[in-house]
Amino acid sequence: MPITDTPGSPGSPGSSGSPGSSGSSGSGFASASVPRHLARGALGFGSLIAAFALIPAFGPATLLLAPVGVVALRGCPMCWAIGLAETVSRGRLRRECTNGSCELKPVAR
C-alpha cells in the first residue's frame, strides 16, 4: 500500500496523530531546522566517539555516554543522515502518488 504525504491524514508520517510526530510534514527523522539537526549530530557522534575513546582513561563507565549518542541520533547514524536529507529538503519537494506510482515534484510557491 503506498504511503502519501497528505498532512493530517490518519497514519501519515506527518499527521499529528502518529506517534513521534512533531506536527510537521515529513517523517519522524527530520528536525525543525538544519542547525538544530547538526547540533543533534554533533552531540550524538561526539557522545558515541567519547564513549569508546575514553575507555582507556576513565574505564567502562564512559560507555554510559553511548545511550546519549543513540538517543541524540534517533537510533543510528543512518537515521540521522536520513533526517538531515529530510530537514534540508523540507518544503521543497512533495511526493504525489497516483495509480500506485509515486513521484517527487517541486512545491509551487
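Modeller: In what follows, helices (H or I, at least four residues) and strands (E, at least two) are DSSP runs, counted off from the N terminus. This is a predicted model, in which local features need pLDDT of at least 70 and side-chain atom pairs count only at pLDDT 80 or more, while totals for chains, interfaces and linings use all residues. Residue numbers start from 1 along each chain as its sequence is written, and side-chain values use heavy atoms, with hydrogens and water left out.

Biologist: Fine. How many helices and strands does the protein chain have?

Modeller: There are 4 helices and 2 strands in the protein chain. Going along the sequence, you read α-α-α-α-β-β.

Biologist: And what share of the protein chain is buried?

Modeller: Buried means under 20% relative accessible area, exposed over 50%, and partly exposed in between (1.4 Å probe, protein chains only). On that scale, 21% of the 109 residues in the protein chain are buried.

Biologist: On to helix packing. At what angle do α1 and α3 pack?

Modeller: The general idea is that two packed helices are described by the angle between their axes and the distance between the axes. Here the axes are lines fitted to C-alpha atoms over the stretch in contact, with angles from 0 to 180 degrees between N-to-C directions. Helix α1 (residues 34–53) packs on helix α3 (residues 65–72) at about 155 degrees, and their axes are 7 Å apart. So α1 is roughly antiparallel to α3, a label that needs an angle over 145 degrees. The crossing of α1 past α3 is left-handed, that is, the near helix is turned anticlockwise from the far one by less than a right angle.

Biologist: Which residues of α1 meet α3?

Modeller: On the α1 side you have Arg 40, Leu 43, Gly 44, Ser 47, Leu 48, Ala 50 and Ala 51. They meet Leu 65, Ala 66, Val 68, Gly 69, Val 70 and Ala 72 of α3. Sorted by class, the α1 and α3 contact has 9 nonpolar, 3 polar and 1 charged residues. Nonpolar covers Ala, Val, Leu, Ile, Met, Phe, Trp, Tyr, Cys and Pro; charged covers Asp, Glu, Lys and Arg; the others, Gly among them, are polar.

Biologist: Let's zoom in on one of those. Is Gly 69 buried or exposed?

Modeller: Gly 69, in helix α3, is buried, at 0% relative accessibility. Setting aside neighbours within four places in sequence, Gly 69 contacts Gly 44, Ser 47 and Leu 48.

Biologist: How do the axes of α1 and α4 cross?

Modeller: At roughly 170 degrees, with the axes of α1 and helix α4 (residues 77–89) coming within 10 Å. So this pair, α1 and α4, is roughly antiparallel too. From α1, Val 34, His 37, Leu 38, Arg 40, Gly 41 and Phe 45 meet Pro 77, Trp 80, Gly 83, Leu 84, Thr 87 and Val 88 of α4. The tally for the α1 and α4 contact is 7 nonpolar, 4 polar and 1 charged.

Biologist: What does Ala 30 touch?

Modeller: Ala 30 sits in the segment before α1 and is buried at 7% relative accessibility. Not counting residues up to four places away, Ala 30 touches Arg 74, Gly 83, Glu 86, Thr 87 and Arg 90. Ala 30 and Glu 86 are 56 residues apart in sequence, but 5.4 Å apart from C-alpha to C-alpha.

Biologist: Now the backbone. What phi does Arg 74 have?

Modeller: As background, most residues other than glycine have a negative phi. Arg 74, not a glycine, has a positive phi of about 60 degrees. Arg 74 is in the loop between α3 and α4 and is partly exposed, at 36% relative accessibility. Asn 99, another non-glycine, has a positive phi of about 50 degrees. Asn 99 lies in the loop between β1 and β2 (101–106) and is exposed, at 83%.

Biologist: And how far is Arg 94 from Val 107?

Modeller: Their C-alpha atoms are 6.1 Å apart, for 13 residues along the chain. Arg 94 belongs to strand β1 (residues 93–98) and is partly exposed, with a relative accessible area of 33%.

Definitions and conventions. Parallel < 35°, antiparallel > 145°, perpendicular 65-115°, else oblique. Contact = heavy atoms within 4.5 Å.
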